[in-house]
Amino acid sequence: MFRWIILVLICQLAPFFSASAQQDSPLLPPDGTSRRLRLPILMYHYISPIPPGADDFRRELTVEPDIFARHLRHLHEAGFKTVSLNDLYNALNAGQRLPQKPIILTFDDGHRDHYDHALPLLIEYGFQATFFIITGLADEGNPAHLSWEQISAMDVAGMEMESHSKHHRDLRNRSSDFLVYELLGSYQSLEAHLGEPPTSFSYPSGFYDATAIEVVQSVPYSIAVTTEPGNRHTMDDILTLRRIRIYGNMPVENLAVALASN
Ligand SMILES: [Zn+2]
């Protein structure tokens with residue numbers, strides 16, 4: 001009986017967890033184990049009706065609320081449980097246990113529709129998500145973007161409100177001063193408004209270079225996400241995590257295929 005239970009446990013954990021010694025890793029976890037996890041991180045942008053006259057770019061970044069609701073229903077029915085980027089960090093770094101079908105939902109750019117359309121549906125399904133905020137737009141009171149009041153309300157509702165820089169500029173080939181202004185500036189704004197510092201960063205348009213990664217780490221953010229595609233993660237990639245891009249009105253069948261991919 002005992003052996004049978006052990007066997008079932010191994011079978012359940014095998015697809016999500018594998019361990020091997022890797023002594024040369026610069027970010028080797030404290031217990032010396034290099035873990036590799038398969039965990040989809042979905043990347044959404046607008047959750048809104050398609051506005052009149054929308055160009056192809058806007059359409060490609062928009063999931064209409066009824067399609068988004070279908071995505072969440074599919075995730076719920078397929079048994080996915082949302083976890084945070086910090087949960088992924090702790091799983092890679094220290095072996096923290098995750099649900100059997102973990103998933104991370106992320107939303108870039110801090111559009112106001114995240115409060116109007118995404119938040120109510122996430123709450124309805126009991127899902128948690130991470131929202132990457134362009135803090136300069138909240139400071140300006142840009143009406144197309146979340147206000148600090150809305151950002152605080154989403155934080156109180158259990159969402160992770162994290163940094164997408166101050167002004168959404170390309171971070172490649174920049175001076176350290178520029179990067180510190182954009183990355184530490186947004187960190188300090190989020191900390192001042194929410195009472196706790198952010199831990200995660202999303203590179204604007206997915207652009208970064210070695211200097212940008214260094215500044216991300218020094219701010220300090222402990223996790224950063226890119227727009228490169230992929231479902232598998234190690235501690236070596238914790239500042240360049242891969243995501244699954246959700247394109248305009250992506251049919252739920254295609255979402256299911258993306259979730260099953262590597
Ligand atoms: Zn962005």
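These legends walk through close-up views of a predicted model. Local features need pLDDT of at least 70 and side-chain atom pairs count only at pLDDT 80 or more, while totals for chains, interfaces and linings use all residues. Residues are numbered from 1 along each chain as its sequence is written, and side-chain values use heavy atoms, with hydrogens and water left out.

View 1. Let's begin at the metal. Asp109 (OD), His164 (NE2) and His168 (NE2) are the protein donors, lying 2.1 Å from the zinc ion. Donors here are N, O and S atoms within 2.8 Å of the metal (3.2 Å for Na, K and Ca); water is not among the atoms, so sites may look incomplete. Along the sequence the donor residues follow the spacing D-x54-H-x3-H. His164 is buried, at a relative accessible area of 1%, whereas His168 is partly exposed, at 27%. (Buried means under 20% relative accessible area, exposed over 50% and partly exposed in between, with a 1.4 Å probe and protein chains only.)

View 2. Helices (H or I, at least four residues) and strands (E, at least two) are DSSP runs, numbered from the N terminus. In β8 (residues 130–133), Thr130 and Phe132 point one way, Phe131 and Ile133 the other, and all are buried. Strands pair if DSSP finds at least two bridges between them. β8 pairs in the parallel sense with β7 (residues 102–108) over three bridges and with β9 (residues 160–163) over four. Thr130 is the bridge partner of Thr106, and Glu162 that of Phe132.

**View 3. Helix α8 and what covers it.** The 19 residues of α8 (residues 176–194) should span 27 Å at 1.5 Å a residue, and the end C-alpha atoms are 26 Å apart, which agrees. (The expected span is 1.5 Å times one less than the number of residues.) Buried residues of α8 include Leu179, Glu182, Tyr187 and Leu194. Among the elements covering the buried residues are α7 (148–156) and β9, where contact means heavy atoms within 4.5 Å. Gly195 follows α8 and has a positive phi, near 80°.

**View 4. The largest nonpolar core.** A nonpolar core is a set of buried Ala, Val, Leu, Ile, Met, Phe, Trp, Tyr and Cys residues joined through side-chain atoms within 4.5 Å. Of the 37 residues in the largest one, those touching the most other members include Leu42, Phe107 and Phe131. Elements giving two or more residues to this core include α3 (65–77), β7 and β8; α3 gives the most, with five residues.
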